[in-house]
Amino acid sequence: MGRPFEQHREAEVPATPEEAWAAIASGPGIDSWFMGRSEVQPGVDGTVRTSFGDYAPELDVTAWDPGRKFAYRSGQAPDGRFIAYEFLIEGRAGGSTVLRTVTSGFLPGDDWAEEFEAMTLGTELYFRTLIEYLTHFVGRFAAPVTAFGPPGTAWGRDRALLCRALGLPGDPRPGDRARFTADGIGSVEGVLYFANASTIGVRTPDALYRFLRGFAKPPIAAHQLFAADADPARAQLAWASWLNRTLAPDN
């Protein structure tokens with residue numbers, strides 16, 4: 001048993017095709033909206049390598065047409081598992097761009113459903129973050145920060161505590177104002193740009209702050225910091241402390 005899947009997403013952004021290409025087909029560009037740190041070896045024989053903690057998959061580039069199409073995919077595991085990404089760029093009059101993405105692959109096993117749901121909800125956040133990046137931060141590159149919360153907690157409880165700590169209502173909607181304070185970060189004000197059952201995304205003038213349900217792992221903060229003086233190592237420690245304090249089991 002298992003499930004093949006194919007998911008399509010589309011949005012128009014106020015960026016040129018060249019700016020969209022830089023966001024999806026370069027390491028600094030991908031770092032500014034995806035997760036972890038990425039390196040891109042360009043060309044049809046190239047690779048995309050993303051480091052996320054101890055996990056660092058390397059995917060093969062399968063299409064390289066600058067300003068138009070970029071695609072890459074993992075190798076196929078013995079159980080059939082693989083994942084593939086495709087980006088299609090179409091310039092429009094006035095300097096805007098239509099960006100289309102296709103995420104496809106195969107999830108093996110009888111327990112694919114929970115993993116599929118977690119992957120779908122997470123991918124929705126990454127796509128919306130890409131759109132936010134191309135709308136509000138185009139031409140700038142971010143320092144990515146990843147921090148983990150305490151293990152063994154329940155996501156429903158964690159999400160409620162995160163919303164409270166971020167100054168958001170219990171059922172947050174895009175456009176809601178967020179206000180919060182983090183040690184070493186200071187007071188922050190922003191706007192919720194996306195939320196679903198497993199993710200929360202807040203935009204400020206100099207950052208994209210994201211909180212995710214870790215699939216079979218602790219909750220995750222996966223942020224992009226655009227300020228020129230951003231210190232990702234210091235920020236990682238600060239956000240790990242914030243998560244562990246906010247989501248402590250005795251809260």
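User: Which helix and strands each supply at least two residues of the lining of the largest pocket?
Analyst: In this predicted model, the largest pocket has a volume of about 1,300 Å³. Of the 47 residues that line the largest pocket, Met35, Tyr55, Ile83, Tyr85 and Met119 are the closest to its centre. The elements that each supply at least two lining residues are strands S1 (2-13), S3 (47-51), S4 (58-65), S6 (82-91), S7 (97-108) and S13 (220-225), together with helix H3 (112-137).

User: How many residues make up the largest share of the lining of the largest pocket, and from which element do they come?
Analyst: Helix H3 spans residues 112-137 and is among the elements that each supply at least two residues of this lining. The largest share of the lining comes from H3, with eleven residues.

User: How many residues in the lining of the largest pocket are nonpolar, polar and charged?
Analyst: The lining of the largest pocket comprises 47 residues. These residues divide into nine charged, ten polar and 28 nonpolar.

User: Which element gives the most to the lining of the second largest pocket?
Analyst: The second largest pocket has a volume of about 360 Å³. It is lined by 18 residues, and Ile185, Tyr209, Leu225, Ala227 and Asp229 lie nearest its centre. Strand S10 (186-196), strand S12 (207-212) and helix H5 (232-246) each supply at least two residues of this lining. The element that gives the most, with three residues, is S10.

User: How many residues in the lining of the second largest pocket are nonpolar?
Analyst: The lining of the second largest pocket consists of 18 residues. Five of them are charged and three are polar, while the nonpolar residues number ten.

User: Is Thr123 buried or exposed?
Analyst: Thr123 lies in helix H3. Beyond four places away in sequence, Thr123 touches Gln7, Arg9 and Thr103. Buried means under 20% relative accessible area. The value for Thr123 is 14%, and therefore Thr123 is buried.

User: Which residue has the backbone oxygen that the side chain of Thr123 reaches at 2.7 Å?
Analyst: Thr123 is a residue of helix H3. At 2.7 Å, the side chain of Thr123 reaches the backbone oxygen of Met119. Among the residues lining the largest pocket, one of the closest to its centre is likewise Met119.

User: Which residue in the turn of the hairpin of S3 and S4 has a positive phi?
Analyst: Strands S3 and S4 run antiparallel and are joined by three bridges. One of these pairings links Thr47 with its bridge partner in S4, Asp60. The hairpin has six residues between the strands, and the turn residue with a positive phi, about 65°, is Gly53.

User: Which residue takes a positive phi in the hairpin of S4 and S5?
Analyst: S4 is joined by five bridges to the antiparallel strand S5 (residues 69-73). In S5, Phe70 is the bridge partner of Trp64. Three residues separate the strands of this hairpin, where the residue with a positive phi near 80° is Gly67.

User: How far apart in space are Gln224 and Asp206, C-alpha to C-alpha?
Analyst: Gln224 lies in strand S13 and is buried because its relative accessibility is 1%. Leaving out residues up to four places away in sequence, Gln224 touches residues including Asp31, Trp33, Thr129, Asp206 and Leu208. A polar atom of the side chain of Gln224 lies 3.5 Å from the backbone oxygen of Asp31. Gln224 and Asp206 are 18 residues apart in sequence, and their C-alpha separation is 8.6 Å.

User: Which residue has its backbone nitrogen 3.0 Å from a polar atom of the side chain of His223?
Analyst: His223 is found in strand S13 and counts as buried because its relative accessibility is 1%. The backbone nitrogen that lies 3.0 Å from a polar atom of the His223 side chain belongs to Arg210.

User: What is included in the cover of the buried residues of H4?
Analyst: Helix H4 comprises residues 155-165, and its buried residues are Trp155, Asp158, Arg159, Leu161, Leu162 and Cys163. Just after H4, Gly167 takes a positive phi of about 75°. What covers the buried residues of H4 includes S10, strand S11 (199-204), S12 and H5.

Methods: Residues are numbered from 1 along each chain as its sequence is written. This is a predicted model: local features need pLDDT of at least 70, side-chain atom pairs count only at pLDDT 80 or more; totals for chains, interfaces and linings use all residues. Side-chain values use heavy atoms; hydrogens and water are left out. On a 1 Å grid over the protein atoms alone, a cavity is a set of points where a 1.4 Å probe fits but cannot get out, and a pocket is an open set with protein on both sides within 12 Å along at least five of seven lines; lining residues have an atom within 4 Å of a point. Grid points are joined across faces, edges and corners, and a volume is the space filled by probe spheres set on the points. Helices (H or I, at least four residues) and strands (E, at least two) are DSSP runs, numbered from the N terminus. Ala, Val, Leu, Ile, Met, Phe, Trp, Tyr, Cys and Pro count as nonpolar, Asp, Glu, Lys and Arg as charged, and the others, Gly among them, as polar. Buried means under 20% relative accessible area, exposed over 50%, partly exposed in between (1.4 Å probe, protein chains only). A polar contact is a pair of N or O atoms within 3.5 Å; within protein, one must be able to donate a hydrogen and the other to accept it, and residues adjacent in sequence count only if both atoms are side-chain atoms. Contact means heavy atoms within 4.5 Å. Two strands pair if DSSP finds at least two bridges between them.
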